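Try each task before reading its solution.

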Amino acid sequence: MIIQFFVAMIATASFAVLFYAPKKTLLLAAITGAIGWIIYLSLKNFGYSSIIYAFTSAFVLTLLSRIFAVIMKNPVTMYLIPGIFPIVPGAGIYQTAYYFFMNNMSLFVYNGLETIKIALSITFGIIFALAIPQKLFSYCRKISA
């Protein structure tokens, strides 16, 4: 699990560099992505459904992004966009396309629906975390000062 944490950090930081994130945001963005990945992986390994682990990891990831954004006085997207990278269902999208082109419609539909469930769960996790009033995050700045 520790190795996965550091690999997720490196992947997230690499993704942030690829999109020209400022250097001062790289470490916190990497930590955000790694924590989101560990939550995702832990809940998946405990046998929760894909909806639960995708939603929960995206929700926590977005909360962390908002906290870091307030503390560092940056936009939330500096931490959220790179941080979401490890939990995006890229393999599911690839498998869905693969089964479509191989004309295996039963696996195409199964993988497609699973990928859509994960993507929607991530979306709703972000929406619910962004719906929390900003005033609650203002206290983070006072605590860090």
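**Exercise 1.** How many salt bridges does the count come to?

Solution. This is a predicted model: local features need pLDDT of at least 70, side-chain atom pairs count only at pLDDT 80 or more, and totals for chains, interfaces and linings use all residues. Residues are numbered from 1 along each chain as its sequence is written, and side-chain values use heavy atoms, leaving out hydrogens and water. Apply the rule: a side-chain nitrogen of Lys or Arg within 4 Å of a carboxyl oxygen of Asp or Glu. The count is 1 salt bridge. Its partners are E114 and K117, at 3.3 Å from N to O.

**Exercise 2.** Which helix holds both E114 and K117?

Solution. Helices are DSSP runs (H or I, at least four residues), numbered from the N terminus. Both residues lie in helix α6, residues 105–130. They sit 3 residues apart, about one turn of the helix.

**Exercise 3.** Classify the aromatic pair W37 and Y40.

Solution. Rings of Phe, Tyr and Trp (its six-membered ring) pair if their centres lie within 6.5 Å; planes under 30 degrees apart are stacked, over 60 edge-to-face, the rest tilted. The search of the whole structure finds 13 aromatic pairs. For W37 and Y40, the centres are 5.4 Å apart and the planes 20 degrees, a stacked pair. Both residues lie in helix α2 (residues 26–45).

**Exercise 4.** Are W37 and Y40 buried or exposed?

Solution. Buried means under 20% relative accessible area, exposed over 50%, partly exposed in between (1.4 Å probe, protein chains only). W37 is buried, and Y40 is too.

Note on methods. Helix = DSSP H or I, 4+ residues; strand = E, 2+ residues; numbered from the N terminus.
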